[in-house]
Amino acid sequence: MSTKHLDKIVALCKRKGFVFPNSEIYGGLKASYDYGPLGVELKKSISEIWWNSMTRLYSNIVGLDSSIMVHPDVWEASGHIANFNDPLTDNKDSKKRYRVDDLLAQQKTKVIDSLCEILSIKNNNDNETIDNISQFLLKNSNEWKSALSEAGVIDPFSGNVGNWTEVTQFNLMFQTNAGPSEKTGKSIFLRPETAQGIYINYLLVQNSMRLKVPFGIAQIGKAFRNEIIARNFIFRTREFEQMEMQYFVKPSEDNEAMKFWKKERMDFFSTKLGIDDKNLRFHEHSEDNLAHYAKAAFDIEYNFPFGWGEIEGIHNRTDFDLKQHEKHSGKNLTYFDPIENEKYHPYIIETSTGLNRLFLMVLCEFYHEDTNNNRTVLKLPFDLAPNKLVICPLLKKDGLPEKSNEVFNKLSKEYRCIYDEQGSIGKRYYRQDEAGTPFGITVDHETLENNSVTIRERDTMQQHRVEINKISEFINDKKN
RNA sequence: GCGAGUGUAGCUCAGCUGGUAGAGCACAACCUUGCCAAGGUUGGGGUCGCGCGUUCGAAUCGCGUCACUCGCUCCA
């Protein structure tokens with residue numbers, strides 16, 4: 001596979017109505033995409049398969065749909081605000097990026113002296129002075145664009161004075177105001193992950209459903225991250241859809257639960273979505289690479305045309321989040337275990353996957369170029385295909401369109417069907433191959449005599465003669 | 001965010017050193033066609049990403065901007 005391959009998928013997505021660039025008539029909006037008529041069906045199919053498998057296959061997992069906007073203190077508690085508010089600068093020469101306070105802490109005193117002089121900041125030769133400098137540079141970045149270079153701030157990587165960019169701050173979270181007036185409105189954030197909505201509701205869910213540990217809460221919803229860079233089509237976008245399941249366990253049983261979910265989630269991709277094992281692998285986060293809340297973390301990665309990329313994270317978040325929310329809210333968030341007769345904060349095993357990434361994965365996995373027959377085929381499994389059947393009159397005359405409409409009306413009650421009478425029959429088959437439609441039903445003159453049609457299979461191009469009232473039976477038998 | 005490259009019809013692209021926009025495919029109508037694309041006729045569709053500038057005149061040159069691709073960087 002190659003990048004060329006991805007380009008072809010992007011082109012197919014636009015051509016056939018899977019994915020369009022957002023705001024295209026205005027020149028586009030970076031890393032923002034819209035899902036077209038076929039795309040919305042595929043996306044829904046994937047999320048339905050996930051939702052059904054989570055909430056039906058496991059009797060101790062229930063669903064939730066929490067709101068995108070929550071009390072701002074939630075993000076204080078979760079660590080999202082504290083961990084992402086550092087002023088940064090880039091050295092254009094070495095192309096390295098630094099936190100300004102870290103960078104200044106590594107400078108000789110004369111550099112700090114000189115900075116204080118340039119900026120007229122009181123110099124106490126301490127960390128506070130460094131903080132003052134970096135905050136000042138952040139607030140006045142326009143005026144003092146070149147202050148760092150002027151003062152001779154050294155790049156520890158190159159050992160030379162850096163060619164520094166103006167100091168900027170990256171905010172992961174989208175911030176806005178609740179209430180129509182900016183003055184009186186409260187500052188709120190669009191959620192950067194759906195998980196927190198589960199944590200703050202976990203006791204309400206547990207009580208209302210009379211759940212006992214271990215139990216899980218599943219949720220599908222949009223999340224927003226102000227990514228510094230967004231690349232690779234819909235792989236990393238600022239607005240995206242998460243499918244998360246947070247599993248609450250006895251702290252002593254966390255390792256076992258991790259093991260269980262690692263296997264379950266890997267199986268999901270291979271058996272439920274039909275992804276080839278050789279395109280899937282685990283990636284374990286090394287200890288010094290773990291997020292601030294995690295004890296252990298595994299990613300499931302897929303072999304995309306642009307390389308291996310994360311499609312799901314399975315993390316042991318311990319009791320970090322619940323304890324944080326307890327601390328910040330002042331409410332008791334312990335779970336009472338009636339069997340052990342004790343109270344504790346459950347450990348949380350998180351399985352978190354990105355719907356948009358699965359969408360891209362599915363397209364990459366099932367995109368095929370059939371060079372023998374000179375056609376492009378999207379070999380989507382039946383359950384994922386946006387349209388299941390295409391109904392075609394062999395010819396656009398002799399009452400065949402009318403008969404086809406009858407067949408269409410009958411079958412569309414059961415399957416998502418599409419009707420096509422335009423062009424030669426072969427062309428119509430090929431058109432639908434590219435859109436992933438698994439079966440073609442063709443009405444011909446014989447149909448008028450004995451009510452039988454031709455069913456043509458997308459992947460093998462084989463044809464079968466089937467009576468109209470046995471079509472469902474045939475398809476249900478053949479579809480997987 | 002930094003660096004490099006790209007941006008002409010829905011798609012893939014042509015358009016040499018500046019002189020009033022082209023092809024193939026796709027799409028639509030009619031004909032042809034009796035089961036696997038590319039047969040015929042006709043037609044719709046582009047202020048050449050956007051803006052400013054240089055010029056008598058710019059798709060073609062310059063600057064800016066937006067978007068995409070690649071590398072670096074970042075990634076709760």
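In the predicted model, histidine 315 is in contact with Met258, Tyr293, Ala296, Ala297, Phe298, Asp299, Ile348, Ile349 and Glu350, neighbours within four places in sequence being left aside. Histidine 315 is placed in strand S13 (residues 307-316) and counts as buried, its relative accessibility of 10% lying under the 20% cut-off. The C-alpha atom of histidine 315 is separated by 26 Å from that of isoleucine 339, 24 residues apart along the chain.

Helix H11 (residues 320-329) contains the buried residues Asp321, Leu322, Gln324 and His325. These buried residues line one face of the helix, because they fall within an arc of 160° when seen down the axis of H11. They pack against helices H3 (73-78), H8 (195-199) and H9 (202-208) and against strands S10 (239-249) and S16 (347-354). Just after H11, a positive phi of about 75° is taken by glycine 330.

The structure holds 26 salt bridges. Strand S13 takes part through glutamate 312, whose side chain meets that of arginine 265 (2.7 Å, N to O); arginine 265 lies in helix H10 (residues 254-272), and the two residues are 47 residues apart. Arginine 265 is buried at 2% relative accessible area, and glutamate 312 is buried at 1%. A salt bridge also joins arginine 15 and glutamate 434 (2.2 Å, N to O), linking helix H1 to helix H14 (residues 425-435) across 419 residues. Here arginine 15 is exposed, at 51%, whereas glutamate 434 is buried, at 15%. Finally, Glu193, Arg317, Asp321 and Glu350 are linked in a network of salt bridges; Asp321 is also among the buried residues of H11, and Glu350 among the contacts of histidine 315.

Note on methods: Residues numbered from 1 in each chain as written. Chains lettered and ligands numbered in written order. Predicted model: local features only at pLDDT ≥ 70, side-chain atom pairs only at ≥ 80, totals over all residues. Heavy atoms only, no water. Helix = DSSP H or I, 4+ residues; strand = E, 2+ residues; numbered from the N terminus. Buried < 20%, exposed > 50% of the residue type's maximum accessible area, 1.4 Å probe, protein only. Contact = heavy atoms within 4.5 Å. Arc of directions from axis to C-beta. Salt bridge = Lys/Arg side-chain N within 4 Å of Asp/Glu carboxyl O.
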